[in-house]
Amino acid sequence: MADLKDKVALITGAAHGQGRAVALALAAEGVHIVAFDVAKTLTYPGYELGSNQELQTLKTECETRGVQCLTVPGDVRNDEDIRRAVEAAQSQLPTIDILFNNAGICAYGLAHELTEDAWDAMLDINLKGAWLVARRIIPVMMAQKSGVIINNSSVAGLRGMNRLSHYAASKWGLVGLTKSWALELAPYNIRVNSIHPTGVNTPMNDGLAALEGATPQEIAERSAGNLLPVPWVEPEDVAAMVVFLASDKARYVTGSQFVLDAGLLTR
Ligand SMILES: NC(=O)c1ccc[n+]([C@@H]2O[C@H](COP(=O)([O-])OP(=O)(O)OC[C@H]3O[C@@H](n4cnc5c(N)ncnc54)[C@H](O)[C@@H]3O)[C@@H](O)[C@H]2O)c1
């Protein structure tokens with residue numbers, strides 16, 4: 001056990017993929033969950049995102065583990081949606097102890113061919129969205145003088161990526177937020193770290209494969225070179241890292257970048 005019983009975590013992008021796996025892993029540790037997700041498909045990137053049905057199934061699965069789960073459909077770009085989520089958490093649960101900034105999109109495009117709409121959607125969801133959500137939760141954590149924020153970046157937040165410059169820019173941006181928030185919030189005993197997975201076996205990978213007319217394996221291989229002989233890691237591998245970072249076992253860990261890349265960045 002990771003000493004997390006009866007804590008509360010707000011997870012963005014919780015309907016499926018990594019967010020869902022993290023919700024279930026934290027729920028297994030006794031953490032109550034606020035599951036926030038846009039729960040509809042957006043024009044950009046165009047592949048299938050989470051759904052209300054997935055949010056409802058997640059709620060049932062969390063409750064089976066003996067914890068509460070509030071589901072809040074909403075967009076990380078919309079401050080009013082975020083306000084509703086934080087208000088629901090504060091009225092129905094003790095507080096918010098953990099924020100997993102995870103909602104994100106991905107799509108390929110050469111820099112000179114990207115539209116402004118594509119650039120804006122990528123940066124607004126992956127980077128600005130993380131700040132908008134944190135902006136409403138940081139005061140709650142400051143008041144209680146404790147909290148943990150984990151930003152889901154990518155290996156693309158630590159290297160360049162072919163045909164993914166807007167994605168990489170958003171993910172490098174999360175490192176800047178992580179390090180700056182760690183400085184601002186350490187006096188309040190709030191820890192802030194980022195995680196950097198290689199390709200993960202989630203619906204995002206399937207969505208990119210559909211858009212590109214490729215197989216999910218080919219999409220994973222484009223991230224160019226896990227050292228360990230696996231095309232991708234599983235969402236549960238990411239969840240294990242998040243559970244550790246959220247727990248008191250990581251009580252003096254802040255401002256750091258945690259790589260889960262099957263060795264990719266070693267090259
Ligand atoms: N899949 C990978 O290979 C991979 C690798 C490294 C990092 N990441 C990052 O991990 C995070 C999770 O990715 P995933 O693989 O689980 O993707 P996914 O597409 O499977 O799930 C993403 C979830 O975020 C939600 N979401 C998207 N836009 C949203 C918005 N505007 N507001 C609220 N919710 C929104 C979706 O509905 C979906 O449920 C993303 O930030 C992604 O960039 C993914």
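Is Ala186 buried or partly exposed? Count the C-beta atoms: Ala186 has 13 others within 10 Å, so it comes out as partly exposed. The cut-offs behind that label are 20 or more other C-beta atoms within 10 Å for buried, 12 or fewer for exposed, and partly exposed in between, with C-beta atoms placed from the backbone. Ala186 sits in the loop between α5 and β6. Its C-alpha is 9.8 Å from that of Gly147, though 39 residues separate the two in sequence.

Before going further, some housekeeping. This is a predicted model, where local features need pLDDT of at least 70 and side-chain atom pairs count only at pLDDT 80 or more, while totals for chains, interfaces and linings use all residues. Residues are numbered from 1 along each chain as its sequence is written.

Now for the overall picture. The protein chain has eight helices and seven strands; here helices (H or I, at least four residues) and strands (E, at least two) are DSSP runs, numbered from the N terminus. The radius of gyration is 17 Å, close to the 18 Å that the globule rule gives for 267 residues, so the chain is as compact as a globular protein of that length. That radius is taken over C-alpha atoms, and the rule is 2.2 Å times the number of residues to the power 0.38. Along its principal axes, the C-alpha trace spans about 45 × 35 × 35 Å. Of the 267 residues, 49% count as buried. Take the contacts with a separation of 6 or more: residues 24 or more positions apart account for 73% of them, a contact being two C-beta atoms, placed from the backbone, within 7 Å.

Next, the sheet. Seven strands form an open sheet in the order β3-β2-β1-β4-β5-β6-β7, and the pairing is parallel. Two strands pair if DSSP finds at least two bridges between them. At the edges are β3 (69-73) and β7, each pairing on one side only. From one strand to the next, the twist averages 15°. Helix α4 packs on this sheet, touching β1 (8-12), β4 (98-101), β5 and β6, and its direction makes about 175° with that of β4. For these angles, axes are lines fitted to C-alpha atoms, for helices over the stretch in contact, and values run from 0 to 180 degrees between N-to-C directions.

Strand β6 (residues 190-197) deserves a stop. Eight of its eight residues are buried, so the strand is largely enclosed by the rest of the structure. Ile190, Val192, Ser194 and His196 point one way, while Arg191, Asn193, Ile195 and Pro197 point the other way. On one side, six bridges join β6 to the parallel strand β5 (residues 147-152). Val148 has Arg191 as its bridge partner, and Asn151 has Ser194. β6 also pairs with β7 (residues 257-260), in the parallel sense over four bridges; there His196 stands opposite Val259. Together, β5, helix α5 (residues 165-185) and β6 make a right-handed β-α-β unit. Right-handed here means that, with the strands pointing away from the viewer, the path from the first strand over the helix to the second runs clockwise.

What about the core? In soluble globular proteins, nonpolar side chains tend to be buried together. The largest nonpolar core in this model has 84 residues, and Ala23, Leu26, Ile33, Ala35 and Val242 touch the most other members. Helix α4 (residues 116-144) gives the most to this core, with nine residues. Such a core is a set of buried Ala, Val, Leu, Ile, Met, Phe, Trp, Tyr and Cys residues joined through C-beta atoms within 7 Å. Setting aside residues up to four places away in sequence, Ala23 touches Ile11, Ala14, Ile33, Ala35, Leu58 and Cys62.

Ile98, in strand β4, is buried, with 27 other C-beta atoms within 10 Å. Not counting residues up to four places away in sequence, Ile98 touches Lys7, Ala9, Val148 and Ala246. Leu49 lies in the loop between β2 (32-37) and α2 (52-64), yet it counts as buried, with 22 C-beta neighbours inside 10 Å. Beyond four places in sequence, Leu49 is in contact with Val38, Lys40, Thr41 and Leu42. Leu49 and Gly207 are 158 residues apart in sequence, and 8.4 Å apart in space, C-alpha to C-alpha.
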